[in-house]
Structure formats: structure tokens, C-alpha cells
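Here is a briefing on one protein model. Look over the sequence and the structure first, then read on.

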Amino acid sequence: MNTPAGLIYVPDYISEEHHQRLIHTIDAQNWSDALKRRTQHYGWIYDYRSRSVRADQRLGDLPGWLASIGNDLVHQSGSNHRDHLPFESPHPPLVACGRRVGGKGHLSRYFRAAVLATAGYFATAPDQCIINDYQPGQGIAQHIDCPPCFGDIVGTLSLSSGIQFDMDKPGPSQHYHVWLPPRSLLIMTGESRKIWRHGIAARMSDLVEDRAVPRGRRVSLTFRNVIIETEIPSATNNSVSISSRERL
């Protein structure tokens, strides 16, 4: 099974020290219990019911401890300064830090990767972050992050515990599974962002290298750029004549 085009996996993106600081800082903030899982919203509120982001839902700039990660995503540097590993298809060479995960249909392939020499993961610093707290047994349904709401790049940093990240592509159905350990970064661009759905199964363990791995608490930080529908006045009479999407 070929890897979804545009998917980038970065192991050990942040240091263990940075990881521990983030957990401590996150747990000192207020959590929302509006969903089955706890969440924190920064930059903008995403309305899960209407699946939208409105102009009046802006919370302000990301706090410094998140903004610094966002800036690193633009300059391709984590606190561990590791090279990133883009998944490519059909069969790029295996690299030394590629790892085998899974077995018997669960994460049962090698990560194939080659070092990608580009400026960074994001063209501009993300202005929105949602933090999710997944307890063992919790998950999230398969979905595509709202295309009208968010830009072409989505980045997720995993903390605390590993998880199996499931992806599928409709017509004909294709499936892909990625094991995301703590401190890893997953970037979705291209087809992996716009065509493949992703989610996390609600269960108590994952099958990794032919053994059941009990789940622990996982905290995820998902970074995105918000797109807002705005009305542009006519140049002649200042009346609204054109509807456009602008990134604010």
C-alpha cells in the first residue's frame, strides 16, 4: 500500500525536555468538556457543530509557547532539529532512521522516506491550534479538516503516549495506518490533506509489531491557518460585489 501523497513524518521533532514543559504548560490551562474528549482552542475557535470558523470567533494571537512551535514549523526546526522524513510513493529508499511498525495488517510496513530539502513545513506561521486530550478508549471519527476553514497544510504534534493514526481514501477504498509516538510530528499536505480522511479508533490498545500496546493518555497539538470568508466592496460604490477567501 503506497503512502498517501503529501504525508510527512518527523520522529523526535521536539526534545524530551521540551515535551515535559509542554505537558506541564498545557495542564495548567483551562480545558473545555464540550466534547467527549477535552480540548483547548487557541487563535480561533472552531465550531464543531456548524463545522465553521467565523470572524467573531478569533481569540487573539497564539500564546508564546505555541507561537514558538509555529515559527519552527515555518523554518523546519524542532527543539531536536531533526531532518524530516517525507513519505513518498511508490518506493523511495529506506533510510537509517526509518522504522518498522506493525504486523498482521496493523501498521505492517516500513516507513519509506528520503530527506526533503525545502524551506519549511508551513509557508506562514499557523495562527490556530487545537489541543486534544485523548484518554484510553477515546478516539475521533474519520474526517477531513474543514477545507473551507483551514489552509492547505495541517501539522499535528503528539505528546505523552503513542497512537495508531488511521487514514482512508474513498473510491476505491484504500487504507493506511501510521504509528505516532510521543514527540513525533505529522504533516498533511496535498492528497493526504484534501482527499484522505483521518481518524483514531476508540479502543484501549493498538497492535504494534505483533503485540498489543495499551494506550495511555495522548495529547495532540494540531496547527493550522484559518481562512475566513470576507466580502470585498465594489471599487465604484463601496457595495458588496465579490465574495473572496482571505487568510487573516
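The second largest pocket has a volume of about 190 Å³. This is a predicted model: local features need pLDDT of at least 70, side-chain atom pairs count only at pLDDT 80 or more, and totals for chains, interfaces and linings use all residues. Residues are numbered from 1 along each chain as its sequence is written, and side-chain values use heavy atoms, with hydrogens and water left out.

**Pockets**

- A pocket is an open set of points on a 1 Å grid over the protein atoms alone, where a 1.4 Å probe fits, with protein on both sides within 12 Å along at least five of seven lines. Lining residues have an atom within 4 Å of a point.
- Grid points are joined across faces, edges and corners, and a volume is the space filled by probe spheres set on the points.
- Residues lining the second largest pocket include Ser32, His41, Tyr48 and Gln57. Its lining divides into five nonpolar, four polar and two charged residues.
- Nonpolar covers Ala, Val, Leu, Ile, Met, Phe, Trp, Tyr, Cys and Pro; charged covers Asp, Glu, Lys and Arg; the others, Gly among them, are polar.
- The largest pocket holds about 710 Å³ of space. It has 31 lining residues, and Arg37, Tyr48, Ile140, Ala141 and His143 are the closest to its centre.
- The lining of the largest pocket has 15 nonpolar, ten polar and six charged residues.
- Strands 6, 7, 8, 12 and 15 each supply at least two residues of that lining. Strands are DSSP runs of E, at least two residues, numbered from the N terminus.

**Strand 8**

- Strand 8 pairs with strand 11 (residues 185–188) in the antiparallel sense over four bridges. Two strands pair if DSSP finds at least two bridges between them.
- Glycine 155 has isoleucine 187 as its bridge partner in strand 11.
- Strand 8 also runs antiparallel to strand 15, joined by five bridges. There, leucine 159 is partnered by valine 219.

- Strands of a sheet pair through backbone hydrogen bonds, either parallel or antiparallel.
- Four strands form an open sheet in the order 7-12-9-10, with antiparallel pairing. Strand 7 (140–143) and strand 10 (174–180) are the edge strands, each pairing on one side only.
- Seven bridges join strand 9 (residues 163–169) to strand 10. Aspartate 168 has histidine 175 as its bridge partner in strand 10.
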